[in-house]
Structures are given as structure tokens and as C-alpha cells.
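User: I'd like to learn how to read contacts, cores and cavities in a model. Can we work through one?

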Amino acid sequence: MNRGASWRVAQLVESREETGTARTLVLEVPDWPGHTPGQHVDVRLTAADGYRAERSYSIASAASGNRIELTVQRVHDGEVSPYLIDVFSVGDPVEIRGPVGGWFVWRAADPAPVLLVAGGSGIVPLMAMVRARRAAGSRVPFRLIYSVRTPRDAYFADELRQRSRDDGGLDVSYVYTREVPDGWSSDAHRIGVADVNSHGWPAELEPTCFVCGPTGFVETVADILVALGHDSRRVKTERFGPTGG
Ligand SMILES: Cc1cc2nc3c(=O)[nH]c(=O)nc-3n(C[C@H](O)[C@H](O)[C@H](O)COP(=O)(O)OP(=O)(O)OC[C@H]3O[C@@H](n4cnc5c(N)ncnc54)[C@H](O)[C@@H]3O)c2cc1C
């Protein structure tokens with residue numbers, strides 16, 4: 001990871017509600033060097049008394065000039081995420097550093113099929129890959145399995161619906177852990193072998209797999225993929241555990 005990059009002062013230019021507990025923040029970053037989908041930034045807040053808090057946030061957007069989008073989930077009792085959601089306002093500055101990360105990235109030149117498996121806010125870097133694929137005009141087939149508690153907790157739901165409708169190369173399926181939509185064909189459940197087997201790619205196709213979400217979710221899915229015959233070197237994981245301190 002390249003954490004040596006310097007801090008830059010970004011400005012919030014737009015903020016929009018994604019779900020009842022998550023917001024997308026559009027930042028203008030002077031001299032932004034660009035990013036590869038899957039990378040994240042470090043965000044640093046400094047209080048009036050000099051106290052600092054630093055957290056990592058994945059980039060949700062495809063590369064686009066000096067703008068990047070972050071989507072932040074409110075963590076109950078959290079120090080940084082409630083501030084970013086409730087207090088941070090359009091026009092406010094914030095320090096960011098990055099882009100960070102060189103392993104959990106998708107490059108449009110890679111011809112292998114892609115399986116994306118997201119748990120909750122783990123959709124964020126995977127959405128950057130979906131968007132970058134489209135921006136690059138790539139025909140690489142993508143399958144996304146997205147696990148959320150309820151339909152109301154799904155980020156980017158309208159955009160994903162539209163993208164998968166307009167593009168036969170993008171398949172999106174959902175797993176609901178607490179509440180399913182009306183008429184849904186299965187009960188609420190945690191992701192299991194059957195979900196990954198029916199909505200993922202057969203291991204023989206040698207897809208690149210990206211798994212992102214809470215630590216337990218990522219470990220469960222990575223184990224399932226390996227048990228289904230996927231080469232562990234092609235299973236790339238990102239854990240959204242606590243950062244900073
Ligand atoms: C590489 C990376 C990328 C990330 N990308 C995103 C992203 O795109 N969007 C996003 O919303 N978050 C993302 N995170 C998580 C983010 O960095 C923070 O951990 C999260 O916002 C909580 O920070 P906080 O200051 O609000 O809570 P804290 O004050 O750090 O924690 C408050 C309490 O919540 C617990 N907690 C902290 N983080 C989490 C968590 N993620 N899930 C459950 N409990 C937690 C802590 O153990 C503590 O008990 C990412 C983390 C990493 C490592």
C-alpha cells in the first residue's frame with residue numbers, strides 16, 4: 001500500500017442520501033492523480049483542539065477528473081461516520097490521502113470474467129468496478145452477488161437495476177439476510193454455498209473474484225469460493241473492519 005502519498009484538502013461539492021443510513025459524498029480533489037477501481041482513500045478529520053481521527057473509505061466512482069465519490073455507512077456510536085453523514089456539509093473541506101491499494105483492484109485490460117460478492121457497504125469498491133467497466137466499454141462479463149439486510153439497505157439499487165437491464169454482460173443477484181421483498185423466491189438467509197454456486201461463475205472459467213464487506217462475511221465467502229474449486233490466488237478480499245483509532 002502506498003500510504004506515503006501526501007494529504008490533500010478536498011472539498012465536498014455534493015452529498016446525497018443512498019439509504020436511510022448511508023450517504024454518498026462527492027469530493028473535488030485538487031490535482032487528483034486518478035484511481036483504479038477497488039482503491040480507497042484515507043480521510044482525516046482534525047478537531048479545533050488538534051485531535052485527529054483517520055478512517056479509510058473506498059472510492060465508489062469510476063475515475064473522472066478531479067472528482068471522487070465515497071459512500072459512507074453510519075456506524076452506531078462511531079466517531080467519524082456520523083460526522084461525515086450528519087455534519088459535513090457542501091463547501092466544507094476535508095483532508096484525504098490516496099489513492100491507496102494495489103491488490104484489490106480490477107483493471108479493464110484483464111479479460112477474465114469477474115465475480116463480485118458484496119456484504120452491506122462492501123458494495124462500494126465493487127460499484128466502482130461496475131462503473132469503470134461501463135466507462136471503459138469493456139465486454140468482460142460481470143456477476144454481482146449483493147447481500148443486504150433488507151431491500152431498503154441496498155445501495156445503488158436503481159442504478160444496478162438499470163445497468164443490468166441495459167447490459168447483458170452484467171448480472172446482479174441479491175441475498176437478503178433479514179427481510180425479503182414481496183414475492184421473493186427464498187426466505188431471508190445468510191449467504192451460503194447454494195447462492196455462490198448458482199449466481200457465481202464455475203471455477204473452470206477461472207474468474208477473478210472480489211469479495212468485500214464485514215470480516216466474517218468476507219471469510220465465509222472466500223471459504224465457499226475455495227471449496228467450490230476457485231484458486232485462492234484469484235479470490236481477492238477487502239475487509240471493512242474498524243480502522244484508525
Ligand atoms: C479499506 C477499507 C475501506 C473501507 N471503505 C468503507 C466504505 O466505503 N464505506 C464505509 O461506510 N466504511 C468503509 N470502511 C470502514 C470505515 O473505515 C470505518 O471503519 C467506519 O466508517 C467506522 O468508523 P467510525 O469512526 O464511524 O466508527 P469507530 O469510532 O471507528 O467505531 C465505533 C464502533 O463501531 C465498531 N465499528 C467500526 N467500524 C465498523 C464497521 N465497519 N462495521 C461494524 N462495526 C464497526 C467499532 O469496533 C466500535 O465499536 C472501510 C474500511 C477499510 C479498512
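User: Start with contacts. Which residues does Glu238 touch?

Analyst: Contact means heavy atoms within 4.5 Å. Leaving out residues up to four places away in sequence, Glu238 touches Gly38, His40, Phe104, Val211, Cys212, Gly213 and Val218. This is a predicted model: local features need pLDDT of at least 70, side-chain atom pairs count only at pLDDT 80 or more, and totals for chains, interfaces and linings use all residues. Numbering runs from 1 along each chain as its sequence is written, and side-chain values use heavy atoms, without hydrogens and water.

User: What is the nearest side chain of opposite charge to Glu238?

Analyst: Arg239, 7.5 Å away.

User: How do I read a nonpolar core?

Analyst: In soluble globular proteins, nonpolar side chains tend to be buried together. A core is a set of buried Ala, Val, Leu, Ile, Met, Phe, Trp, Tyr and Cys residues joined through side-chain atoms within 4.5 Å. Here the largest has 30 residues, and Leu116, Phe142 and Tyr146 have the most contacts inside it.

User: Which residues does Phe142 contact?

Analyst: Beyond four places in sequence, its contacts include Trp106, Leu116, Met129 and Trp201. A second, separate core of 21 residues includes Leu25, Val43, Leu70 and Val94.

User: Which residues line the largest cavity?

Analyst: On a 1 Å grid over the protein atoms alone, a cavity is a set of points where a 1.4 Å probe fits but cannot get out; lining residues have an atom within 4 Å of a point. The lining is Leu25, Leu27, Val43, Leu70, Leu84, Phe88 and Val94.

Note on methods:
Buried < 20%, exposed > 50% of the residue type's maximum accessible area, 1.4 Å probe, protein only. Lys, Arg positive; Asp, Glu negative; His and termini not counted. Salt bridge = Lys/Arg side-chain N within 4 Å of Asp/Glu carboxyl O. 1 Å grid on protein atoms, 1.4 Å probe; cavity = no way out; pocket = protein on both sides within 12 Å on 5 of 7 lines; lining within 4 Å.
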